[in-house]
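Welcome! Here are a few exercises to work through with the model open beside you. Try each task before reading its solution.

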Amino acid sequence: MKTYYNPEDLKKFSKIGNFQKKLADKFFDYYGEVFAEGELSAREKSLIALAVAHAIQCPYCIDAYTSDSLEKGWTEGQMMEAVHVAGAIRGGASLVHGVQMMNKVNDLTM
Amino acid sequence: MKSLLAQKHKFSDSKAQIEFLEENRGFPLFADSLKSCGIFPLKPAGIDIFQMNIGKMCNQVCKHCHVDAGPDRKEIMTRETMEICLSVIRNNPEIQTVDLTGGAPEMNPEFFWFVEEVSKLNRKIIVRCNLTIILANKKYHILPEFFKEHKVEVVSSLPFYNAQRTDSQRGEGVFEKSIRAIQMLNEVGYGKENSGLMLNLVYNPAGAFLPAAQAILEGQFKQQLSRQFGIVFNHLFTITNMPISRFLEYLIQTENYEDYMDKLISAFNPAAATGVMCRNTLSIGWDGQIYDCDFNQMLELNVSGASKHIRDFDKQSLLTREIVLNQHCFGCTAGSGSSCGGATT
Ligand code: SF4
Ligand code: SF4
């Protein structure tokens, strides 16, 4: 079946270096560093990544960080709350622009 | 849920499982992974733990069970075989621990007698108690007191601190009964500071993923179980699900097999490979056959060498044997490693 998204492609992520090695190496170094233990734990970062994956609606990231969140000991309830945080921010981001619309309405109407 | 045997499933024959595991899917061979870190052939370091599987009968039928245990399983160790085991334990003081597993080991009619006999030999005794057995029948209500009397270390599975994940793996209502059973163990002193009575819980993932870091998960379990149920315990052991028996069947049914093997293989950890439990454990089957571990036992992969049955126990032959390996062994070496005592690194 031909589709734009193929789950198998996730495993090929590192192959982006075949076309441009230097930038890929820099990216993966950076990526590794970002997810290492820091002031935030690797466990906390995994849940943030899960939420962001939903905000940007990336199927690869949702796949990867669902597994990773389970493997970091998060519960289904906690994972869904994180998704709601993404949903709330996305919804809020749309709605807050309602103020812009209201401003424009005020400009244009008597 | 029925055992594979009751379903007449092809995987109730261990040869079919081995054939499946050995099918070429482009995975590296476990033996080659050991070669690459210079530990092949894998040799034992000693015989510290004498693990006996005293029967496949169980009051539960968990989805992931590597024993394919259940109420329908009739294989049970006889007193005669136990007596031979006792003499081996008695004559080999380097055996520090006698580890009793099953099925539900308590369902063996000789269980109480056998624990009493082993406790006379002054070794550490571990019983892998599934918790719900304590409540399953009046005759088992005395187990907490009996364990206490014989200073048995109790090791019990609790896949998660909530009912949803526990019951999805172990059956409807298991979480609630397990909590009640842990409370009964706590009441006689198990898991309490300075009681000397050890209660260790076992976490294994309720699905096709790897366990979380043991120390972090132990903290979460302690906090949640104490807050919600006033429960205490000593340690949490994280165990990786092995791709054999019912869990293998689950992986295939849910189309997770290849990804799961990939996960185990990519997470191969040489330090965990050095510390695999077969290097200091012997596993004895219900019929007295000797294996490198309980997983090899379920695959009916006997130890190499002449000493294949407990009546032919020969320490020298066992200490110089080559451990029998196959693709399922990747389950012991992934990430922080996995053994009956939890993570190995
Ligand atoms: S995992 Fe343990 S409790 Fe569950 S069926 Fe198997 S032996 Fe019984
Ligand atoms: S499955 Fe058994 S033989 Fe294989 S590495 Fe694990 S303990 Fe050793």
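**Exercises on a predicted model**

**Exercise 1.** Find what the buried residues of α10(B) pack against.

*Solution.* Step one: locate helix α10 of chain B, residues 245–253. Step two: pick out its buried residues, which are B:S245, B:R246, B:F247, B:L248, B:E249 and B:L251. Step three: look at their surroundings; the buried residues of α10(B) pack against α1 (14–22) and α11 (257–266) of chain B. To finish, look past the helix: α10(B) is followed by B:E255, with a positive phi near 55 degrees.

**Exercise 2.** Describe the place and the shell of ligand 1.

*Solution.* Start with the space: ligand 1 takes up the largest cavity. Next, list residues around ligand 1, including B:C58, B:C62, B:H64, B:C65, B:R170 and B:R246. B:R246 is also one of the buried residues of α10(B).

**Exercise 3.** How many residues of each chain are in contact, and which three supply 50% of the area that chain A buries?

*Solution.* First count: ten residues of chain A contact 17 of chain B. Together the chains bury about 990 Å², 45% of it on carbon and sulfur atoms. On the chain A side, A:L70, A:E71 and A:E76 supply 50% of the area buried against chain B, more than any other three residues.

Terms used:
Residues are numbered from 1 along each chain as its sequence is written. Chains are lettered from A and ligands numbered from 1 in the order in which they are written. This is a predicted model: local features need pLDDT of at least 70, side-chain atom pairs count only at pLDDT 80 or more; totals for chains, interfaces and linings use all residues. Side-chain values use heavy atoms; hydrogens and water are left out. Buried means under 20% relative accessible area, exposed over 50%, partly exposed in between (1.4 Å probe, protein chains only). Helices (H or I, at least four residues) and strands (E, at least two) are DSSP runs, numbered from the N terminus. Contact means heavy atoms within 4.5 Å. Buried area is the accessible area (1.4 Å probe) that two parts lose on being put together, summed over both. A residue is near a molecule or strand if one of its heavy atoms lies within 4 Å of it. On a 1 Å grid over the protein atoms alone, a cavity is a set of points where a 1.4 Å probe fits but cannot get out, and a pocket is an open set with protein on both sides within 12 Å along at least five of seven lines; lining residues have an atom within 4 Å of a point. A molecule sits in a cavity or pocket if more than half of its atoms lie within 2 Å of its grid points. Ala, Val, Leu, Ile, Met, Phe, Trp, Tyr, Cys and Pro count as nonpolar, Asp, Glu, Lys and Arg as charged, and the others, Gly among them, as polar.
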